[in-house]
Amino acid sequence: MQVELKGSCLCGNHSYKVTGDVSGFYHCHCSRCRKMTGTGHASNIIVKPGELELFGDLEEIGVFKVPDAERFASRFCKNCGGPIPRVARKMQMVVVPAGTLDQEIDFKPQCRIFSDSKVNWSCSSEELPSFAQYPE
């Protein structure tokens, strides 16, 4: 499904437009996503292949990559700390934090990933399929 997604950080200093085919919409329960969001899971839309256009002062966008992680990184506004979509080049995809969207979308998360890492206080997983790691 081809989409055009638009969103912004919390303070609005950075906005974006992503176009591409949605290849997944996941609630990720891994410990890194929990720590990055401060919640029980991250909700990420995966666009592959995708094109990401960023608007605003690019010098004010920070990136943090966990040193021992093969793929995990976060991109954020240096002013408000709000997440910003990122290109995962090795995996040829754009990761869009769903909470940053400035629009409603007509599709929903398809599953929960890294459910073996789910904390007991997180939301119920009954309504979505769950996978110990990535779906097959």
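I started with Thr100, which touches Gly7, Ser8, Tyr16 and Pro83, leaving out residues up to four places away in sequence. I took contact as heavy atoms within 4.5 Å. The model is predicted: local features need pLDDT of at least 70, side-chain atom pairs count only at pLDDT 80 or more, and totals for chains, interfaces and linings use all residues. Residues are numbered from 1 along each chain as its sequence is written, and side-chain values use heavy atoms, with hydrogens and water left out.

Next I placed Thr100: it sits in the loop between β7 (93-97) and β8 (111-113). Helices (H or I, at least four residues) and strands (E, at least two) are DSSP runs, numbered from the N terminus. Thr100 counts as buried, because its relative accessibility is 5%. My cut-offs were buried under 20% relative accessible area, exposed over 50% and partly exposed in between (1.4 Å probe, protein chains only).

I then looked up the largest nonpolar core. It has 15 residues, and Cys28, Cys33 and Ile113 touch the most other members. β2 (15-28), β3 (42-55), β7 and β8 each give two or more residues to this core. Apart from it lies another core of 14 residues, including Val22, Leu52, Ala98 and Phe107. A nonpolar core here is a set of buried Ala, Val, Leu, Ile, Met, Phe, Trp, Tyr and Cys residues joined through side-chain atoms within 4.5 Å.

I checked Cys28 by itself. Beyond four places in sequence, Cys28 touches Cys33, His41, Ala42, Ile113 and Phe114.

His41 has a relative accessible area of 17%, so it is buried. Its side chain makes a polar contact of 3.2 Å with that of His27. Polar contacts are pairs of N or O atoms within 3.5 Å; within protein, one must be able to donate a hydrogen and the other to accept it, and residues adjacent in sequence count only if both atoms are side-chain atoms.

I searched for aromatic pairs and got a count of 1. The rule needs Phe, Tyr or Trp rings (six-membered ring for Trp) with centres within 6.5 Å; planes under 30 degrees apart are stacked, over 60 edge-to-face, the rest tilted. Phe25 and Phe107 pair edge-to-face, at 5.8 Å centre to centre and 75° between the planes. Phe25 is in strand β2 and Phe107 in the loop between β7 and β8, so the pair ties together parts 82 residues apart in sequence. Phe25 is buried at 6% relative accessible area. Phe107 is buried at 13%.

Last, I checked Asn79, in the loop between β5 (73-77) and β6 (86-88). Asn79 is exposed, at 53%.
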